[in-house]
Amino acid sequence: MTSHRTARTALIDRSKPLNFIFDGKPFQGVAGDTIASALLANGVRVMGRSFKYHRPRGPWGAWVDDPNAIMSVSLDGRAFPNCPATTTPLVGGMQVRAVNAFPSAQFDIKGGLDLFRRWLGAGFYYKTFMWPDWHLFEPLIRKMAGLGDVSRDVLDGYCSDQVYDDCDVLVIGGGAAGLVAAHSAAVAGQGVVLVDDHPVLGGGLHQRTMVEGIIPAEWIAAQVAGIAAAGGRILRATTAFGIYDHRMVALAENGPFGTAPRLHRMRAGRIILATGALDRPVTFANNDRPGIMSIDAAGEYLARYGVCVGRRIAMVSNNSNADAAQKMLREAGADVLRIDPSKGAFCAVGGKHLKGIAQNGTRTAADTILASGGMTPLVHLWRHAGGKLDWCADRQAFFPAAAPEGMCVIGAANGTFDLASALDEARAAVAGEQILRAATTYRLSPLWPEPGSKGRQWIDFQHDVTLKDIELAARENYVSVEHLKRYTTLGMASDQGKTSNMAGLAAMAAIKGKPLPEVGTTTFRPPFVPVPLALYHGGHGGQLWSPLKRLALEPQHRAAGAAMGEYGGWLRPGWYGGGNAPELIHGEALMARASAGIVDASPLGKIEVMGPDAEAFVNFIYYNTIKTLKPGHIRYGFMLTEGGVIMDDGVIARLDRNRFVISCSSSHVDTVRSHLEAWRQDGNDLDRIFIHDVTQHWATITIAGPKAREIVRGLGLDLDLSAGAFAHMTLREAQFDGAPLRVAWVSFTGDTSFELSIRRTGVAGLWDAVTAIGKDAGAGPIGIEALSILRAEKGYIMVGKDTDGETMPHDLGFGIPRLKKKTAFLGDRSLHSEKASAAGRKSLVGLTVPFGAVALPTGAHVVEGKRSAGYVTSSYDSPTLGHPIALGLVENGAARLGESVEVWHLGAIRHATICAACFFDAEGERLHAE
Amino acid sequence: MQIFPCPFCGARPEAEFHFAGELGKVRPDTVAQVNPEDWTAYLYAQRNEKGAVREVWMHTTCAELFMMERDSVTMAVVASKSLRKVAS
């Protein structure tokens with residue numbers, strides 16, 4: 001292999017050689033190379049294998065339009081899969097491996113798959129692997145399909161910055177038109193940002209000898225200097241990959257290889273698109289061979305990297321752009337022959353090594369074929385923003401028509417391929433003048449796939465979609481372009497159809513005998529190029545993804561050896577002590593039944609509703625009647641959705657005539673607050689009702705157990721705690737250590753229980769006092785796990801666990817307000833719908849298992865034959881009772897007490913007996929014990 | 001990402017807002033008899049118009065409901081107004 005590097009002035013630094021390995025062999029490139037240009041300079045042609053047939057492939061394009069050369073790259077021990085060789089900058093020390101090829105792209109053991117092509121046409125797996133079951137074949141097929149392997153190692157520090165930014169004018173594309181537009185806008189005093197995906201600005205200008213009378217490099221430098229001097233910003237190596245609502249443009253700014261790109265969410269006042277155009281492939285037999293590439297790509301390899309891709313080049317073009325390329329390549333020393341595609345069918349000759357091109361039986365020797373089927377304007381971003389397209393018969397391309405608001409398109413992206421006209425457009429766009437597409441010197445004669453013609457002709461190189469596959473799809477009536485795409489996988493390769501879509505649409509148009517524009521295009525969606533998922537993810541990991549709410553008493557819990565865990569968004573003690581968790585949890589539950597458990601209940605919702613209309617408001621919000629609640633009293637109740645389904649449960653306390661405290665579930669506070677606000681603002685006098693979420697202001701310590709009263713007495717509060725003076729479901733206000741204290745006598749365990757709420761800043765003293773007094777009484781802290789068991793023993797539900805999206809209060813045995821409440825309330829009418837009144841609704845029950853059996857799995861189904869008739873919602877080993885207990889929602893459950901049922905879980909059937917949803921102290925003697 | 005104008009806080013990103021319903025839906029008087037068709041329409045029927053729409057949104061950070069006029073095709077926001085002013 002001898003070097004293909006020429007002496008032509010290029011954008012590389014020949015004084016900085018870079019050593020790298022490709023498929024196990026050492027190579028050398030230079031600074032400024034991409035992986036592809038360095039390999040081409042070394043005479044390497046085969047850089048990958050196709051997806052299905054494992055055909056050898058070399059690069060077709062020189063930039064984002066290449067579907068063939070995809071690499072897994074390791075650098076400094078870090079592996080990056082699926083790097084396009086044409087856009088990945090070469091770095092010294094890279095270990096590069098072609099994907100989808102083993103042991104190398106040159107000698108791939110699966111290359112023989114091509115022999116089976118007869119059986120591997122479009123949709124072959126839908127037809128072939130259906131019997132007896134697709135799932136038998138799926139693992140093998142999945143293993144064979146796909147590109148690079150993702151390393152299991154986590155890349156430390158691979159994290160995208162996400163930046164919010166804005167500008168007056170965003171110019172996308174740093175070619176001639178984009179540079180002039182950015183320069184003019186900046187000089188006119190507008191805040192300009194210019195983005196270009198190449199590290200070096202200039203677009204296709206580097207292929208030219210002169211621009212407006214000077215050499216391209218100087219012309220570009222002058223524009224860049226002008227933009228900078230006028231205060232414009234330029235982002236290089238930055239791809240605008242999507243345009244979203246209200247002109248938010250997503251930009252991926254690439255840093256050094258191996259670092260995560262930075263995401264800019266750029267809000268632009270105006271967007272000027274100058275994204276250029278792509279050279280599209282020509283469809284002919286064996287057009288996928290390594291050494292066949294676009295004319296524009298050959299120009300770019302020469303102009304940017306000094307690489308002349310071939311020595312004896314056959315050029316196939318239907319348009320006038322080829323002349324300049326031919327001249328440039330000849331000057332670089334290549335033999336260039338022109339093949340006129342209109343003179344008859346032609347095909348590539350040769351395999352891994354291209355031998356030439358044959359037309360009408362005449363074979364012309366060539367080591368390289370350069371092809372161009374015409375220019376396709378890059379309208380992806382235009383379509384993201386909702387811009388319309390028109391078909392231009394002269395240019396044989398879709399180009400921009402009606403513009404979205406605040407957006408215009410100039411230059412080759414607008415179908416303006418002449419430099420002078422493109423620069424005029426750029427200036428007109430900035431001046432706000434109407435852009436009239438100028439007459440063009442560009443000429444082409446249509447050159448599209450010819451259905452029925454001989455040989456294997458590739459439409460989608462990466463996914464191995466041939467002209468015959470399109471014909472097959474048409475025969476099988478996958479005619480709509482969206483169906484065609486999904487059936488054949490046309491355009492679904494990593495280049496997303498940049499090379500294949502036009503040929504595919506044209507083939508379908510020809511098969512159906514329709515004009516091409518009537519076939520239409522598939523939908524253009526972001527991202528324009530593949531971007532790493534890290535870009536979307538940014539820094540939103542761990543604590544920043546969903547910050548935990550922290551307890552004021554966290555240091556005390558940690559000092560007591562708490563196992564802290566996330567419960568409903570809060571970091572809470574699951575249990576205390578460092579040993580065997582189930583034993584510790586059972587121990588805590590037993591302690592709570594024997595003396596008392598002390599729970600940090602601070603996350604419990606505390607939403608205050610105040611004002612002269614507060615009573616009527618909460619009475620409307622609650623299923624239960626609240627207006628009869630007396631000051632100092634507490635009531636248990638439900639909030640429903642308008643659909644009648646239970647949204648939350650909990651107690652509501654009335655502090656005085658115009659002040660209520662809603663105690664909602666810990667994890668539902670934000671939802672309940674929004675719910676209350678939405679209804680408060682719906683027709684109420686907003687000066688007569690106020691809602692304050694004070695959950696985080698008050699910390700709550702609950703003491704639950706037979707010795708709870710004794711422990712609270714030990715605090716020496718100025719409060720009569722005797723059962724006669726302080727009844728269940730009432731609330732008293734007192735003082736602790738000079739601070740206001742709310743003492744509520746409510747129970748979530750079935751034992752005597754006091755909730756002590758104090759200002760968050762004062763809770764440490766209260767906790768120390770309660771735990772010290774508790775210790776003498778044999779009581780101590782218990783975690784949320786023990787509490788969950790205690791409440792289940794009593795049949796107290798947790799909304800969302802023991803209820804689902806259909807559960808109404810009468811399903812839980814709370815049927816009276818449904819029948820008796822006289823005033824309107826949320827969800828009232830829904831409680832009398834046909835479905836709400838139907839017999840056999842799922843209702844809350846207990847489930848017991850035969851003596852000695854283990855607890856039922858939560859989620860196991862109660863079955864009748866093969867039909868689910870309900871499921872287990874909560875299940876525990878009850879330490880208090882010494883046997884498993886479970887709660888469940890079972891059809892007609894309340895009427896089936898004592899009935900034996902079958903419970904299905906993961907294929908096994910067990911037996912259980914339905915009982916009332918209360919396993920402990922059903923008479924409530926302990927609750928009211930003195 | 002869209003930018004919505006909260007009448008109280010100004011222009012803010014759409015992630016701070018919740019859709020609260022189409023403007024003009026009135027809750028039936030449930031103390032009286034409400035036939036199933038009316039209740040179903042109230043719960044589920046949306047006009048879902050193409051083009052100019054008037055909707056109620058909540059700016060979750062200030063918890064204020066307001067009316068927004070926008071275009072459901074172009075996503076252009078035409079106006080936003082406090083519901084307090086609409087009511088008075």
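1. Let me start with a helix pair in chain A. Helix H17 (residues 581-594) and helix H22 (residues 784-794) of chain A pack at an angle of about 55°, and their axes are 8 Å apart. Axes here are lines fitted to C-alpha atoms, for helices over the stretch in contact, with angles running from 0 to 180 degrees between N-to-C directions. That angle makes H17(A) oblique to H22(A); under 35 degrees would count as roughly parallel, over 145 as roughly antiparallel, 65 to 115 as roughly perpendicular, and the rest is oblique. The crossing of H17(A) and H22(A) is right-handed, the near helix being turned clockwise from the far one by less than a right angle. H17(A) makes the contact through A:Ile585, A:Glu588, A:Ala589 and A:Ala592, and H22(A) through A:Glu785, A:Ala786, A:Ile789 and A:Leu790. Six of the residues in this contact are nonpolar, none polar and two charged.

2. A word on conventions before going on. This is a predicted model, in which local features need pLDDT of at least 70 and side-chain atom pairs count only at pLDDT 80 or more, while totals for chains, interfaces and linings use all residues. Residues are numbered from 1 along each chain as its sequence is written, and chains are lettered from A in the order in which they are written. Helices (H or I, at least four residues) and strands (E, at least two) are DSSP runs numbered from the N terminus.

3. Next, the strands around E40(A). Strand E40 (residues 753-759) of chain A is mostly covered, with six of its seven residues buried (20 or more other C-beta atoms within 10 Å of the residue's own; 12 or fewer is exposed, in between partly exposed; C-beta atoms are placed from the backbone). Strand E37 (residues 698-704) of chain A runs antiparallel to E40(A) and is joined to it by seven bridges; in that pairing A:Ile703 stands opposite A:Phe754. Strands pair if DSSP finds at least two bridges between them. Strand E39 (residues 739-745) of chain A is also antiparallel to E40(A), over five bridges. A:Leu741 has A:Ile758 of E40(A) as its bridge partner, and A:Ala744 stands opposite A:Glu755 in E40(A).

4. E39(A) has another pairing, with strand E38 (residues 731-736) of chain A, antiparallel over six bridges. Here A:Leu741 is the bridge partner of A:Ala734. The hairpin of E38(A) and E39(A) has two residues between the strands, and A:Asp737 takes a positive phi near 55° there.

5. Chain A also holds an open, parallel sheet of four strands in the order E15-E21-E16-E17. Its edge strands, pairing on one side only, are E15 (292-294) and E17 (335-339). Neighbouring strands are turned by 30° against each other on average, direction ignored. E15(A) pairs with strand E21 (residues 368-372) of chain A over three bridges, and A:Ile292 stands opposite A:Ile369 in E21(A).

6. One loop residue to look at is A:Arg117, placed between strand E7 (95-98) and helix H2 (124-128) of chain A. A:Arg117 counts as partly exposed because it has 16 C-beta neighbours inside 10 Å. Its C-alpha atom is 46 Å from that of A:Leu235, 118 residues apart along the chain.

7. Finally, the interface. In chain B, 17 residues are in contact with 16 residues of chain A, contact meaning C-beta atoms, placed from the backbone, within 7 Å. Helix H1 (36-44) and helix H2 (83-87) of chain B each supply at least two residues of the side that touches chain A, and H1(B) gives the most, with three. That side of chain B divides into 13 nonpolar, three polar and one charged residue. Ala, Val, Leu, Ile, Met, Phe, Trp, Tyr, Cys and Pro count as nonpolar, Asp, Glu, Lys and Arg as charged, and the others, Gly among them, as polar.

How values were computed:
Two residues are in contact if their C-beta atoms, placed from the backbone, lie within 7 Å.
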